[in-house]
Amino acid sequence: MKERIVIVGGGVAAHECAFALRRLGHEGPVELVGAETEVPYDRTLLSKDQLAGEDAGACVALSERPAYADAGIDVRLGVRAVRLPAGESRVELSDGDELAFDRLVVCTGGRPVMPEALVAPGALALREGADLPRVHDALARVRHLVIIGGGFIGGEVASAAVKRYAPVTLVEAANAPLAPVLGDDVAGRLAEMHRAAGVELVCGTPVRGVRRERDGLGVVLSDGRTLWADAVLVGVGMTPNVEWLEGSGVELDDGVVTDSACRTARPDVLAAGDCARWEHPGYGARLRVEHWDVAMRHGEAVAAAALGSEEPFAPLPYFWSDQHETKLQWVGHAPAWDRVDLSEDDEPGFVARYFDSERLAGVLTVGRPRACAAARRELQSAGVAQEAMSR
Amino acid sequence: MTMDVFVDPELCIGSASCIRLAPGAFELDDDGVADVVDPDAAPEDQLRAAARSCPTGAITVDEGAG
């Protein structure tokens, strides 16, 4: 096959796709077009080691630059796709150029949601390598950092902040960080972990807005209080980078809609990673997942699909987060659950098992990597998901 | 000085992140579990990157061994 395959995106899914195409024997041209100026790198470290360390260091490339040349992968960086004309096999780029393709793989990922009311001058977000210097620098000098949003990014930034002795308050609209996802019992334990580590938590109070004050920023809460800060980090969720595909003939619905084998409504266009909403045959539902391990596997799956494979992509979702020197790990898929079994003993940490109609749907482990491994095997043998690919 | 590298096979989920970050040092076996095949194949900073990037914390590097 000598098809010309263009991959739009510069994250882990794009990286895996590019190299997997070669591993699978594709001989035609492969071009990767990334919006960031770095070759694909390990994004998970940005909010972990790189932020918590004295020195942020450089992004850790998933493959060094020469590896692309060796594999015959053309790389264009600092350029984004701006339009895909309907019925045409060419993509228009932000530098005015355009690329013709036989097959287009969309891995454009997502970006942090920045609600207008929260975007005061100087509001920080952390998603890309380019965001890191400002956030890292802020932790070195802040008198008070306010983090808006108690999700995984918020929790990791809070962890890095206490580790670097930066006074930090985490503001969460729900009763506890992650309560809407994990339930009050589990979230309450995670809240305890934050407090014990020195994070000030303000929960149950959505942020009404952030305003400029004479000597910093004022974070105005729904209960009327105002928290003073000299740095504000917003971590209230992600939105997929898919606006450029409007009018292209590709179906969009909070992401690029694909079938179980990464194929969009256009036969010449496929999608994978954080931007894709795909049909997961194991769950009989369309999923859009923003987790590193899934994106990595998705990248390999989309490469096979681009070469004609119809193998469904059916991973067992997994993610992890490091907070206050403790590993939080999740395995499974539990959009709804009706019972949580918590097990604790004298050791720190715990295991929470989420059931939906008596069926085990997902497991959260905190500081118990071995229990997570066991849960993964248990869910796998239950047969809901199969490994995406044999490597 | 060499570095000792270990993979805990019980924890490994076969993300293959280490295989990308430290080319030549790791391989996935038939069960999709990473093995250390040649720690000298990759520079030490790549081995450290593989360890700290491992999604399940399955890789340990022992500095000062040997």
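**Entry 1: chain B against chain A**

I started with the buried area between chain B and chain A, which comes to about 1800 Å², with carbon and sulfur atoms giving 49% of it. On the chain B side, I looked up which residues lose the most area to chain A: they are B:I13, B:R20 and B:R52, and together they make up 35% of what that side buries. I'm keeping in mind that this is a predicted model.

Next I checked the contact lists. I found 18 residues of chain B in contact with 24 residues of chain A.

**Entry 2: charges and polar pairs between the chains**

How many salt bridges does the rule find across the interface of chain B and chain A? I got four. I noted one pair by name: A:R370 with B:E10, where the closest N and O atoms are 2.8 Å apart.

Then I asked which helices supply the chain B side. Both α1 (17–21) and α2 (44–53) of chain B supply at least two residues each to the side that touches chain A. α2(B) gives the most, with four residues. Sorting that side of chain B by class, I wrote down seven nonpolar, seven polar and four charged residues.

**Entry 3: inside chain A**

I moved on to the domains. Chain A is split into domain 1 (5–111 + 239–306), domain 2 (114–236) and domain 3 (318–380). I picked domains 2 and 3 of chain A, whose C-alpha centres lie 25 Å apart. Their contact takes 18 residues from domain 2 and 19 residues from domain 3.

I looked up the buried area here too: domains 2 and 3 of chain A bury about 1400 Å² between them, 66% of it on carbon and sulfur atoms. Which residues of domain 2 lose the most area to domain 3 of chain A? I noted A:F152, A:R189 and A:M193, together 36% of what the domain 2 side buries.

**Entry 4: what links domains 2 and 3**

The rule gives me two salt bridges across this domain interface of chain A. I also noted a salt bridge of A:E325 with A:K163, with the closest N and O atoms 3.3 Å apart.

On the domain 2 side, the elements giving two or more residues are α5 (152–163), α6 (179–182) and α7 (184–197) of chain A. By class, I counted that side as 10 nonpolar, four polar and four charged residues.

How values were computed: Residues numbered from 1 in each chain as written. Chains lettered and ligands numbered in written order. Predicted model: local features only at pLDDT ≥ 70, side-chain atom pairs only at ≥ 80, totals over all residues. Heavy atoms only, no water. Contact = heavy atoms within 4.5 Å. Buried area = accessible area lost by both parts, 1.4 Å probe. Salt bridge = Lys/Arg side-chain N within 4 Å of Asp/Glu carboxyl O. Nonpolar A, V, L, I, M, F, W, Y, C, P; charged D, E, K, R; others polar. Domains from an automatic or database assignment.
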